[in-house]
Amino acid sequence: MRARLLIIVLGLLALTGCSSVGGSSSGEPAANEADATFSLRMIPHHRQTIEIAKVAMQKSKDEFVVNVADKIATAEAGEIEQMATYLRSWNIQVPGDDANATHKMAGMMTVKDVEALKSATGKQYDDLFLATLSRHLRSGVDMAKDAQAKGEHIGSKALAGKIIVSQTEVLDQISAKQKS
């Protein structure tokens, strides 16, 4: 999947004849490969988070777990729309919702991870959800840090910064809950 994504981005860049995509009449820097790759990878990553958050909101009886799941699902739905808007403005197709392909991307939960969550119950479920979500959010923070370091598009870099802050906040809350 990663190689396919890179081929798509490079192909689009070749079609435009430059190392950046899109642009802005306002003088905002055009998006580069790092900006495009960030949105192309983060959209499926966020969709997967929303998928497990919805399960948590239905299965868990723990108020903390339900609140974290709701908070992260709501935030990430809005971020998906923002990234999709960027991709469309750069004439890049928004990734489809192919769960089988996304399980194989770096930083994603495996089919086994998701199935384990779906079959767990009670406190075992809550503990597994928080541990799985933590790993998943850390990979999202890493992707966002990479986008901030290598990207050029002001909006994309700002979104990456927002993701770093909000997901680090959730990670800190989960860590405090796990220690209590």
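Tyr86 counts as buried, because its relative accessibility is 14%; buried denotes under 20% relative accessible area, exposed over 50%, and partly exposed the range in between (1.4 Å probe, protein chains only). Trp90 is likewise buried, at 5% relative accessibility. The model is a predicted one, in which local features need pLDDT of at least 70 and side-chain atom pairs count only at pLDDT 80 or more, while totals for chains, interfaces and linings use all residues. Residues are numbered from 1 along each chain as its sequence is written, and side-chain values use heavy atoms, with hydrogens and water left out.

**Aromatic pairs**

Rings of Phe, Tyr and Trp (its six-membered ring) pair if their centres lie within 6.5 Å; planes under 30 degrees apart count as stacked, over 60 as edge-to-face and the rest as tilted. The count by this rule is two aromatic pairs. Tyr86 and Trp90 form a stacked pair, with 5.7 Å centre to centre and 15 degrees between the planes. Tyr125 and Phe129 are also stacked, at 6.1 Å centre to centre and 20 degrees between the planes. Because Tyr125 and Phe129 are four residues apart in helix 6 (residues 122–150), about one helical turn separates them. Tyr125 is buried at 1% relative accessibility, and Phe129 is buried at 0%.

**Overall fold**

The protein has seven helices and two strands, arranged along the sequence as α-β-β-α-α-α-α-α-α. Helices (H or I, at least four residues) and strands (E, at least two) are DSSP runs numbered from the N terminus. Of the 180 residues, 45% are buried. Contact means heavy atoms within 4.5 Å; among contacts between residues at least 6 apart in sequence, 74% join residues at least 24 apart.

Helix 2 is largely enclosed by the rest of the structure, because 19 of its 27 residues are buried. Its N-terminal end is capped by Asn32, a side-chain oxygen of which lies 3.0 Å from the backbone nitrogen of Ala34. Asn32 belongs to strand 2 (residues 31–32) and is buried at 9% relative accessibility.

**Salt bridges**

The structure holds six salt bridges, each a side-chain nitrogen of Lys or Arg within 4 Å of a carboxyl oxygen of Asp or Glu.

The Lys118 and Glu51 pair links distant parts of the chain, helix 5 (residues 111–119) and helix 2, 67 residues apart. Lys118 is partly exposed at 39% relative accessibility, as is Glu51 at 28%. Asp62 lies in the loop between helix 2 and helix 3 and Lys177 in helix 7, so this pair ties together parts 115 residues apart in sequence. Lys150 and Asp146 are four residues apart in helix 6, and therefore about one helical turn separates them.

Terms used:
Polar contact = N/O pair within 3.5 Å; in protein donor to acceptor, adjacent residues only side chain to side chain.
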